[in-house]
Amino acid sequence: MSLFQHNGKHLLVVNNEYTNRKIIYAGSEGKPANADDIRKGKAAHGVSVVEVMERNGQWEVVKDSAYNRRITADSPMEITGPARGHDFLKTKADPKGTESLGTWNNCGNGRTPWGTYLACEENFNGYFSSSDENYELSNEQKRYGIGHKDWGYGWAAEDDRFDISKNPNEPNRAGYIVEIDPTDPSSTPKKRTALGRFKHENAELVLADNGHVVVYLGDDERGEFLYRFVSSKKYVAGGDNRDLLEDGTLYTAKFRENQRGEWIALTPETTGMKSKAEIAIYTRLAASAVGATTMDRPEWVAAHPAKAEVYCALTNNKNRGVKPNKGGDATPVGGPNPREKNLFGQIVRWRPTGGDHTSAEFAWDLFAMAGNPALYDDMRKGSDNITTENMFNSPDGLAFSPNGLLWIQTDGNYSNANDFEGQGNNQMLCADPETGEIKRFLVGPKECEVTGITWSADRKTMFVGIQHPGERGGSHFPEGGDAAPRSCVIAIKKSDGGELV
Ligand code: CA
Ligand code: CA
Ligand code: CA
């Protein structure tokens with residue numbers, strides 16, 4: 001989520017990543033019973049724009065705001081960038097390959113200096129299925145996890161777009177960064193294919209000193225890669241920057257054992273692929289072709305607000321050192337992924353050479369290795385800044401506040417048992433990037449993940465997302481009693497009302 005200021009209004013933009021089907025289809029086994037249920041499920045996905053206002057120290061929704069908007073799995077989108085109009089994006093409904101319907105499974109996000117929101121399409125594959133059980137999957141579909149069965153959403157039963165035997169190109173129209181103008185409810189969201197197609201986590205945008213826009217991007221899947229986009233054109237203060245994400249070069253990261261690394265451009269020359277369009281659509285295959293480093297599930301990337309230093313949460317990877325990724329790339333133990341069957345996750349950081357975000361090289365180290373120092377003396381105890389007071393697993397959300405503190409949100413094992421004993425529910429921690437000190441800031445309700453963070457312009461309120469509390473029936477957060485648990489946004493202020501971030 002992000003909070004925008006516009007004409008004195010506060011516009012909160014929030015991803016609605018997925019549904020807990022046993023909750024929205026209460027009384028069922030988590031399966032939609034009819035077409036109306038499926039339409040309800042599709043409408044519950046996407047992005048919400050909500051005007052909020054503070055009254056007497058309490059934030060509330062402005063219910064009749066003209067800015068309020070729902071973008072769902074059926075909202076018209078424009079396809080932009082190198083893949084626009086490519087044959088792989090053409091369908092019966094859209095023979096030009098230039099417009100698609102909807103966005104779904106938006107995980108993390110980003111925001112731009114020109115006032116737009118970036119929603120990141122992650123597990124888009126889980127919504128496709130095949131009515132023809134003999135439909136032969138392509139290698140590209142397999143690499144992206146497209147299969148004959150969906151994950152239980154059942155959308156193909158109501159909408160042929162999600163039946164790959166009838167519309168094999170439809171999955172190629174998802175897996176992108178979607179740019180949304182929250183200030184114009186009539187605007188058409190734009191799929192920015194120049195930023196590649198994979199299971200996007202977030203999109204951390206920085207302006208390089210030379211004026212190019214740099215976006216750091218993670219692909220949240222075991223053994224997949226870390227990416228960087230550099231715009232072709234430069235940002236001009238006060239100018240028309242609206243289409244800077246339309247064209248640029250994608251790079252993928254190669255980490256060396258000597259704590260150096262490099263960004264490798266994904267071009268027809270380096271990858272052997274036919275065109276920029278193919279690289280934009282089958283980005284994972286392009287990064288495999290150049291030998292990028294297979295990572296322990298890159299989740300959010302966060303850039304320091306005051307210096308050229310970037311952090312990425314590598315959440316966990318039970319396959320590290322055990323088996324290759326879906327493309328057959330090896331996942332050796334080492335570099336920024338130093339633990340076999342990585343249970344706890346780590347945070348890697350890098351400094352671009354010369355402080356230049358467009359530089360081809362960087363130096364890296366591990367900022368934190370999560371672990372359980374109460375149980376283990378080996379690498380599973382974590383790095384020196386992990387203690388029995390702050391231990392956690394599966395760092396996921398990661399963001400810098402304006403005051404230069406790093407916030408870490410977890411989406412991990414909340415059993416509080418076995419390897420995770422003493423770690424409790426998912427939580428949010430605060431880290432000092434200078435000293436490495438990490439402190440627990442809040443603990444979420446049972447069975448939630450803590451994800452999404454933004455703050456008011458006066459820095460006095462922090463907004464935090466609490467997703468899927470009670471996903472296994474163990475919580476009625478936030479209303480309590482017998483109420484169904486609900487994902488929600490909480491607002492946090494200091495007791496004295498002063499600046500928090
Ligand atoms: Ca994720
Ligand atoms: Ca995540
Ligand atoms: Ca996660």
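**Charged pairs and the calcium site**

Author: E179 counts as buried, at 6% relative accessibility. The model is a predicted one, and E179 in it forms a salt bridge with R192, the closest N and O atoms being 2.8 Å apart. Because E179 lies in strand 10 (residues 177-180) and R192 in strand 11 (residues 190-192), the pair ties together parts that are 13 residues apart in sequence. R192 also counts as buried, with a relative accessibility of 1%.

A second pair is D296 with R320, whose side chains meet in a salt bridge at 2.6 Å, N to O. This pair links distant parts of the chain, 24 residues apart. D296 sits in the loop between helix 6 (283-289) and strand 17, and R320 in the loop between strand 18 (310-314) and strand 19 (346-352). D296 is buried at 0% relative accessibility, and R320 is likewise buried at 0%. Elsewhere, salt bridges that share partners join a set of residues into one network, among them D36, R39, K42 and D74.

The side chains of D87 and K90 also meet in a salt bridge, at 2.8 Å from N to O. Here K90 is partly exposed, with a relative accessible area of 30%. A search of the whole structure finds 40 salt bridges. In general, side chains of opposite charge can pair when their charged atoms come close.

Now the metal site. The calcium ion (ligand 3) has E299 (OE), D396 (OD) and D411 (OD) as its protein donors, lying 2.3 to 2.4 Å from it. Along the chain these donors follow the spacing E-x96-D-x14-D. E299 is in strand 17 (residues 298-303) and D396 in strand 21 (residues 395-400), so that the pair links distant parts of the chain, 97 residues apart. Both E299 and D396 are buried.

E299 also bridges the calcium ion (ligand 3) and the calcium ion (ligand 1), which lie 3.9 Å apart.

Note on methods: Residues are numbered from 1 along each chain as its sequence is written. Chains are lettered from A and ligands numbered from 1 in the order in which they are written. This is a predicted model: local features need pLDDT of at least 70, side-chain atom pairs count only at pLDDT 80 or more; totals for chains, interfaces and linings use all residues. Side-chain values use heavy atoms; hydrogens and water are left out. Donors are N, O and S atoms within 2.8 Å of the metal (3.2 Å for Na, K and Ca); water is not among the atoms, so sites may look incomplete. Helices (H or I, at least four residues) and strands (E, at least two) are DSSP runs, numbered from the N terminus. Buried means under 20% relative accessible area, exposed over 50%, partly exposed in between (1.4 Å probe, protein chains only). A salt bridge is a side-chain nitrogen of Lys or Arg within 4 Å of a carboxyl oxygen of Asp or Glu.
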